[in-house]
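These are my notebook entries on one structure. I set down what I looked up, topic by topic.

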Amino acid sequence: MSATLYQAVAKACPGRVLTRDHPAYDGVRGLFNGMHDRRPALICLPSSVAELSAAIRAARDLGVPTAIRGGGHNVAGYGSVNDGLVIDLRLLNRVAVDPDTGTATVGGGATWSDVDLATSAYGLATTGGTFDTTGVGGLTLGGGIGHLMGKYGLTCDNVLSYRMVTADGEERVVDAAGDPELDWAMRGAGHNFGAVGEFRFRLHPVSTVYGGYVAFPERVLAPAVRLFRDLMLEAPDELTCTLLLERYGPMQQAAAVVSVAYCGTDEEYRRTMEKRLRSLPVLDWRLETRGYVSMQLCLGRLPFGLRHYWSARCVEALPDRLVDRLVAGFLNGRFRAPFNDTVLIEPLHGAVRRAPATPTAVPFRDAAFNITGMAIWEPAEADGEQIAWARSIAAATEPYSRWGEGYINYGPDSGGARARATFGADAFARLQAVKRRLDPDNFFRSNYNLLADQEGR
């Protein structure tokens, strides 16, 4: 690390620059995924968009590899870089709610916990991550799957504008009217074009939901998946369920756990849904009317530092044969307590499948489900086995998928042909054109990289 770099970054973020010998360095540099144990030369923590701009200018002028860290939750570890500069946005976490206009202005370093706590005070919410420790920025820029998506669309569908800093260090307010092509690209592939210091979101009236989860025992794993599938294929927009094949409870029993979030008011439909869920033997029943914040906490929290490999594929159908293969693949997982190999199935339905009012680059709106093999473990010695297990779940789903990596927030970027397949050739070419206009030198390359296949970076 040169003195010149330190001085430039310290001028941008006075008093908030960490070197490797700083006592807070190891605590701050840690990421959600412990597989990415990266050691940047410097970490700086801007407290305003102006400081963010100054830090980007300093790094660009000195040619320093740079990563932008929001919540640090990205499974691929994009929030850090070895031997370069990490611009950590965690101090940009303020949330300002305007209940009169039904909007929220959210800092780029906020987590969904920050947002949910602020908006729930007014009985408002927007689609956010199903784990509330997830960073707002990363989730939103990749699309944003959440409990409210059936009714209100993906997270990116609810963005009104972005206040961002591009590779030239300039601040821009981006919306569909001012720069429609960049606005389109930000919604689904937005990690590539700049650092977002502030989002402005549309909010919706959501104070309570009927929700929680139902766990089904091992002897009905496949019937439970089929029940979940059929329920979601017929569901109204107001219902969003997800399913996890996981080891449940202190006895680590193999189970199918269905999370339920119903934001509607039709009591007859609710009773019908309950009856269908009770048509199979139940291991545990945790459905009740609850506040939205409680719903966001239903799936629990995973500590930072565990090792993760997630392999996601969007599929156009969930036939019985695939259900059986997923159940068999789950039961072949080796890791159990205290963390375990999990198959996550998320529906893509309702508002997600309809064209939103503002166009987006999201590639998977025609898919029916997103299926993810989530390998989660601790000892590094198991890396090869665990990666192979997660990939086996992807291999099972591959014949039913035509979207490359599908939901890019969940997996490693393999670059090249798969990255192009994710968005489709035409959309990928549009994204590359926006990238070259705003960031021709590929300064923002610690991400799902649109230029990696051509420029080798």
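This is a predicted model: local features need pLDDT of at least 70, side-chain atom pairs count only at pLDDT 80 or more; totals for chains, interfaces and linings use all residues.

**Entry 1: the largest pocket**

I looked up the volume of the largest pocket and found about 460 Å³. Its lining consists of 24 residues, and those closest to the centre are Glu 246, Leu 299, Gly 300, Leu 302 and Asn 340. I then divided the lining by class, which gave 14 nonpolar, five polar and five charged residues. Which strand supplies the largest share of this lining? I found that β13 does, with four residues. Both β13 (239-248) and β19 (369-377) give at least two residues each to the lining of this pocket.

**Entry 2: Val 257**

Is Val 257 buried or exposed? Its relative accessibility is 3%, and buried means under 20%, so Val 257 counts as buried. I listed its contacts, leaving out residues up to four places away in sequence: Val 257 touches Tyr 213, Val 214, Ala 215, Thr 242, Leu 243, Leu 244, Glu 246 and Tyr 248. Glu 246, one of these contacts, is also among the residues closest to the centre of the largest pocket. I also recorded a separation: Val 257 and Gly 70 are 187 residues apart in sequence, and their C-alpha atoms are 30 Å apart in space.

**Entry 3: the cavities**

I searched the whole structure for cavities of 30 Å³ or more and found four. The largest cavity holds about 690 Å³ of space. It is lined by 45 residues, of which Asn 74, Gly 137, Gly 138, Leu 139 and His 191 are the closest to its centre. By class I counted 21 nonpolar, 21 polar and three charged residues in this lining. Which elements each supply at least two residues of it? I noted β3 (66-69), α5 (136-141), β10, β13 and β18 (342-347).

For the second largest cavity I found a volume of about 40 Å³. Its lining is made up of Phe 32, His 73, Phe 131, Thr 133, Arg 301, Leu 302 and Trp 310. These divide into four nonpolar, two polar and one charged.

**Entry 4: a sheet of five strands**

I traced an open sheet of five strands in the order β5-β6-β10-β8-β9, with antiparallel pairing. At its edges stand β5 (95-98) and β9 (171-174); each has a single partner strand, so one side of each is left without a neighbour in the sheet. Neighbouring strands are turned against each other by 10° on average, direction ignored.

Within the sheet I examined β6 (residues 103-107) and β10 (residues 195-202), which pair in the antiparallel sense over five bridges. Thr 105 has Arg 200 of β10 as its bridge partner.

I then looked up the helices on this sheet. Helix α3 (residues 49-62) packs on it and touches β8 (159-165), β9 and β10, with its direction at about 45° to that of β8. Helix α7 (residues 180-189) lies across β8, β9 and β10 and runs at about 95° to β8.

Terms used:
Residues are numbered from 1 along each chain as its sequence is written. Side-chain values use heavy atoms; hydrogens and water are left out. On a 1 Å grid over the protein atoms alone, a cavity is a set of points where a 1.4 Å probe fits but cannot get out, and a pocket is an open set with protein on both sides within 12 Å along at least five of seven lines; lining residues have an atom within 4 Å of a point. Grid points are joined across faces, edges and corners, and a volume is the space filled by probe spheres set on the points. Ala, Val, Leu, Ile, Met, Phe, Trp, Tyr, Cys and Pro count as nonpolar, Asp, Glu, Lys and Arg as charged, and the others, Gly among them, as polar. Two strands pair if DSSP finds at least two bridges between them. Axes are lines fitted to C-alpha atoms, for helices over the stretch in contact, and angles run from 0 to 180 degrees between N-to-C directions. Contact means heavy atoms within 4.5 Å. Buried means under 20% relative accessible area, exposed over 50%, partly exposed in between (1.4 Å probe, protein chains only).
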